[in-house]
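Student: I am new to this structure. Can you show me how to read its features, one at a time?
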Amino acid sequence: MMISRCILRAALAACLALSHPWPGARADGIFNPGGTIPFSGDNGSGGKLGAVPAPGAGAAASNEVLGAGGSWVGQAAGFRNRLIDGDFRISQRNGANAFSSGTTAGTYGGSDRWYVSAAGAAVTLQQVAGDAPNQYALQITGAALNTGVAFGQRVEASNIFDQEGLTDTLQIRAKCSAITTLNWAAYYPGATDNWSSRTLIASGSWTISASYVNYNTNIALTAAIETGLEIEFSVGAMTSGTCDFENAQLEPGSVATAFERQPVQTELAQCQRYYALLTYGAQSPAMGTLLVPLFWPVPMRATPTLTVISVGTALNLSSISDLATDYRGGNFSITTSAANGYSIGRVAAVSAEL
């Protein structure tokens, strides 16, 4: 009798399932991926009941997954942020010291990888304490007669090539004491990694407040980004006050995810592909010329420009030469006028910025 009841119950359950199939199910009870099915989230607060949404165009190519909230989101995988030093914590050129932008467009001098362009009058850039949990922020201070400020980053073609034809999400956390509009724009260069000219892809703006807010937008990236990409933020005349920026991120997909935090040594190595500092020296036991190899901290984007920024201390030298030979390193030579001539504590910057 017990076996008969179990068989009867199983048959009744199967009949009900076929009589009331889920949306997207076939008549034989097999799920049809082309439809939708009910699903539930967690059993606590915040759970969501509804239908699984169809993925949007490009969701698969952008590696999006179905999030717990019931929408397709970008995966929180490592190295998804295409902007380097998005938290402004690497500042090899000036550390936490203030830097005057000058009025030359595309000047590097604040946080690594970020250029600044000021019109009318120079503004001041400085790495300052951030809003917890962010350790640092990039602060720009206005000046009388200034007519506009922009800062941005040029992404190397090899680091954005895979996003052609897809939608990416740009986000930044910001506040301004006297400015009410923050603009953004995306460009591509006239030739691969050559920014002598640029063409606009998309642009927009946000209304910004005096308190920190996270701002984000979607950008449809065209095939033209095979040559590279530039992300630029700008404001109008900044004659007074300050603007602070944190957590700049450009990531695949149409949903802004949490800011990606990388180990500081990883972020520094990425910055050193474009700019690095070297300290070196040599001593010759006899009169003559001594040649010493120089090695960059990491292989650079291209053969860099070498600029000596501190000559250090020298004795009994008739000539000194510093040369960058390729993207891996260069050489340093001294010609002595007496035995034991030396040069120590010499500091140079090597730059292969875009």
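Student: Let me start with strand pairing. Which residue in β16 is the bridge partner of Leu170?

Tutor: Leu250 is the partner of Leu170. Keep in mind that this is a predicted model. β11 and β16 run antiparallel, and 8 bridges join them.

Student: Which residues make up these two strands?

Tutor: Strand β16 covers residues 242-252. Strand β11 covers residues 167-176.

Student: Is Thr242 buried or partly exposed?

Tutor: Thr242 has 24% relative accessibility, so it counts as partly exposed.

Student: Which residues does Thr242 touch, leaving out those up to four places away in sequence?

Tutor: The contacts are Gln139, Ile140, Thr141, Lys175, Cys176 and Ser177. Look at Ile140 for the contrast between sequence and space. Thr242 and Ile140 are 102 residues apart in sequence. Their C-alpha atoms are 5.5 Å apart in space.

Student: Now disulfides. What is a disulfide?

Tutor: It is a covalent bond between the sulfur atoms of two cysteines. A search of the whole structure finds 1 disulfide. Cys176 and Cys243 form it, with an S to S distance of 2.0 Å.

Student: Which parts of the chain does the pair tie together?

Tutor: Cys176 is in strand β11 and Cys243 is in strand β16, so the pair ties together parts that are 67 residues apart in sequence.

Student: Are Cys176 and Cys243 buried or exposed?

Tutor: Both Cys176 and Cys243 are buried. Cys271 is buried as well, at 1% relative accessibility.

Student: On to charged pairs. How many salt bridges does a search of the whole structure find?

Tutor: The search finds 15 salt bridges. Asp87 and Arg89 meet through their side chains at 2.9 Å, N to O. Asp87 is buried, at 9% relative accessibility.

Student: What is the N to O distance between Arg93 and Asp112?

Tutor: It is 4.0 Å, in a salt bridge between their side chains. Arg93 lies in the loop between β4 (72-74) and β5, and Asp112 in the loop between β6 (107-108) and β7 (115-119), so the pair ties together parts that are 19 residues apart in sequence. Asp112 is buried, with a relative accessible area of 1%.

Student: Where do Arg198 and Glu232 lie?

Tutor: Their side chains meet in a salt bridge at 3.3 Å, N to O. Arg198 is in strand β13 (residues 194-207) and Glu232 in strand β15 (residues 229-235), so this pair ties together parts that are 34 residues apart in sequence. Arg198 counts as partly exposed, at 39% relative accessibility. Glu232 counts as buried, at 11%.

Student: Which residues do salt bridges with shared partners join into one network?

Tutor: The network holds Arg93, Asp112, Arg113 and Glu353.

Student: One last residue. Where does Ser91 lie, and what does it touch?

Tutor: Ser91 lies in the loop between β4 and β5. Ser91 counts as buried, at 13% relative accessibility. Not counting residues up to four places away in sequence, Ser91 touches Gly110, Ser111, Asp112 and Gln127.

Terms used: Residues are numbered from 1 along each chain as its sequence is written. This is a predicted model: local features need pLDDT of at least 70, side-chain atom pairs count only at pLDDT 80 or more; totals for chains, interfaces and linings use all residues. Side-chain values use heavy atoms; hydrogens and water are left out. Helices (H or I, at least four residues) and strands (E, at least two) are DSSP runs, numbered from the N terminus. Buried means under 20% relative accessible area, exposed over 50%, partly exposed in between (1.4 Å probe, protein chains only). Contact means heavy atoms within 4.5 Å. A disulfide is a pair of cysteine sulfur atoms within 2.5 Å. Two strands pair if DSSP finds at least two bridges between them.
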